[in-house]
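Hello,

Here is the structure for you to look through. My notes follow below it.

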Amino acid sequence: MNENDFKRYKKIQIYGFIFVSLFILIICFVIGYLLNRNYTLERKYNDLNDKVNSNLSEISNFDYEKDEAEFIDLEEVAFKRELKVLPDGEEYPDKQRIYLTFDDGPGKYTNELLDILEEYGVKATFFVIYQPNHEEEYRRIVDNGHTLAIHSYDHSYKKIYKSVDGFKEDIDKTYDFLLETTGQEPLFYRFPGGSSNTIFKGNKNDLIDVLNDKNLVYYDWNCDSNDASKKALSSNQIANNVIKGIGNKKEAIVLMHDTNAKLTSIEAVPLILDYYMEDDNVIFLPITETTEPIQHVKKK
């Protein structure tokens with residue numbers, strides 16, 4: 001091997017060593033990154049799992065009889081089915097009027113809810129959205145004597161509150177769908193998020209004008225079941241929220257939800273109705289044209 005060949009051989013050795021060293025360093029870096037990523041994801045998973053288990057533990061270990069002043073023992077309420085529900089449209093000056101209202105339906109539990117209300121002889125109000133393949137539920141709500149009202153078409157705040165035109169389009173689509181499906185013109189409306197929502201950045205008077213032009217009266221609520229909270233609530237907790245929220249209000253419009261994720265809301269309804277069974281001063285009614293509106297925001 002001459003001197004030139006020897007030098008060439010040395011260069012090849014050096015370049016080879018550098019290449020192998022860089023390759024090993026890259027492999028080590030990738031392995032280190034993957035191990036660190038795996039550790040981070042595992043830690044996040046464990047933290048999330050601990051939170052979920054903690055929440056579930058809170059719910060399952062909820063002490064329903066911890067404080068009688070704060071929590072009503074529903075199990076001791078007699079189970080009877082003799083509610084005094086009179087025809088809609090009459091005035092009840094001496095009675096506490098309770099209006100059960102359900103947003104966001106219909107869903108897979110709507111028929112179960114309608115069965116419960118029918119069994120108790122109670123009429124309620126359904127602020128519905130567009131739900132394909134639930135035409136029978138819309139019609140049954142009307143046929144059973146409940147009030148069918150507009151909530152929104154697809155409950156997309158971004159679309160509804162983007163502009164006044166977007167708001168009007170949403171109402172028109174829902175109105176036309178309900179009229180075509182049930183043959184009944186909707187008379188009432190509930191703002192997604194309530195009339196006091198902060199999503200719409202324009203003048204609320206413009207939205208109210210749209211409703212007035214459509215001859216729609218909007219209703220908010222003065223009793224919240226809190227069944228839409230991020231934390232899952234049991235049927236007992238929801239029922240107690242409603243009962244305490246109603247309190248001594250002469251007129252109580254109760255906010256509840258009828259969605260595929262709200263089975264405990266449906267299960268809370270019999271508990272609420274059972275609680276008021278023997279009270280002759282209480283009556284459950286659907287919202288009608290004679291119902292005084294509760295509105296968080298009014299036109300100025």
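Start with Lys173, which lies over the face of Tyr153, 4.2 Å from the ring centre. A charge counts as over a ring if NZ of Lys or CZ of Arg is within 6 Å of the ring centre and within 35 degrees of the ring normal. Lys214 lies over the face of Tyr175, at 4.5 Å from the ring centre.

A word on the source: this is a predicted model, where local features need pLDDT of at least 70, side-chain atom pairs count only at pLDDT 80 or more, and totals for chains, interfaces and linings use all residues. Residues are numbered from 1 along each chain as its sequence is written, and side-chain values use heavy atoms, leaving out hydrogens and water.

Next, the aromatic pairs. Rings of Phe, Tyr and Trp (its six-membered ring) pair if their centres lie within 6.5 Å; planes under 30 degrees apart count as stacked, over 60 as edge-to-face and the rest as tilted. The count by this rule is 14 aromatic pairs. Phe188 and Tyr219 form an edge-to-face pair, with 5.6 Å centre to centre and 85° between the planes. Both Phe188 and Tyr219 are buried (under 20% relative accessible area, with exposed over 50% and partly exposed in between; 1.4 Å probe, protein chains only). Tyr276 and Phe284 are also edge-to-face, at 5.9 Å centre to centre and 75° between the planes. Tyr276 and Phe284 are buried too.

Finally, a cluster. Ring pairs link Tyr157, Tyr161, Phe167, Tyr189, Phe191, Phe200 and Tyr218.

Best wishes
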